[in-house]
Amino acid sequence: MSNIDHCTSGIIETTEFIKPTGFDLVWNVFIVLLTLFGMFAIVARMIEFILDRL
């Protein structure tokens with residue numbers, strides 16, 4: 001699928017749309033979950049560190 005946009009200078013600009021696959025969706029969800037798990041682990045360690053100091 002292409003989208004053609006005519007600029008005022010007469011140059012034709014084309015933009016192609018790449019349809020994501022099911023694998024892309026699964027991979028992106030996996031990466032987001034790993035990122036959230038990593039953030040949770042860091043926050044948990046910070047809380048553990050603070051509570052050990054009390």
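This briefing covers the fold, confidence, surface and side-chain contacts of one chain.

The model is predicted: local features need pLDDT of at least 70, side-chain atom pairs count only at pLDDT 80 or more, and totals for chains, interfaces and linings use all residues. Residues are numbered from 1 along each chain as its sequence is written, and side-chain values use heavy atoms, with hydrogens and water left out. The chain has 1 helix and 2 strands. Its elements run β-β-α from the N terminus.

**Fold and confidence**

- Helices (H or I, at least four residues) and strands (E, at least two) are DSSP runs, numbered from the N terminus.
- Helix α1 spans residues 22–53.
- The mean pLDDT of the chain is 85, where pLDDT is the predictor's confidence in each residue, from 0 to 100.
- A pLDDT of at least 70 is reached by 76% of the residues.
- Where pLDDT is low, predicted coordinates should not be read in detail.

**Surface**

- Of the 54 residues, 0% count as buried; buried means under 20% relative accessible area, exposed over 50%, partly exposed in between (1.4 Å probe, protein chains only).
- The chain has an accessible surface of about 5,500 Å², and carbon and sulfur atoms hold 71% of that.
- Accessible areas come from the Shrake-Rupley method with a 1.4 Å probe; for residues, only the protein chains shown count as cover.
- A nonpolar surface patch is formed by Leu25, Val29, Val32, Leu33, Leu36 and Met39, with about 580 Å² of accessible area together.
- Patches take residues with over 30% relative accessible area and no salt bridge; like charges are joined within 9 Å, nonpolar side chains (Val, Leu, Ile, Met, Phe, Trp, Tyr) within 5 Å.

**Aromatic pairs**

- The whole structure holds 2 aromatic pairs.
- Phe23 and Trp27 form a stacked pair, with 6.4 Å centre to centre and 15 degrees between the planes.
- Rings of Phe, Tyr and Trp (its six-membered ring) pair if their centres lie within 6.5 Å; planes under 30 degrees apart count as stacked, over 60 as edge-to-face and the rest as tilted.
- Phe23 and Trp27 are 4 residues apart in helix α1, about one helical turn.
- Phe23 is exposed at 59% relative accessibility, while Trp27 is partly exposed at 44%.
- Trp27 and Phe30 have ring centres 5.7 Å apart and planes at 35 degrees, so this pair is tilted.
- Trp27 and Phe30 sit 3 residues apart in helix α1, again about one helical turn.
- Phe30 is partly exposed, with a relative accessible area of 43%.
- Ring pairs join Phe23, Trp27 and Phe30 into a cluster.

**Salt bridge**

- A search of the whole structure gives 1 salt bridge, defined as a side-chain nitrogen of Lys or Arg within 4 Å of a carboxyl oxygen of Asp or Glu.
- The side chains of Arg45 and Glu48 meet in a salt bridge at 3.2 Å, N to O.
- Both residues, Arg45 and Glu48, lie in helix α1, 3 residues apart, about one turn of the helix.
- Arg45 is exposed at 58% relative accessible area, whereas Glu48 is partly exposed at 38%.
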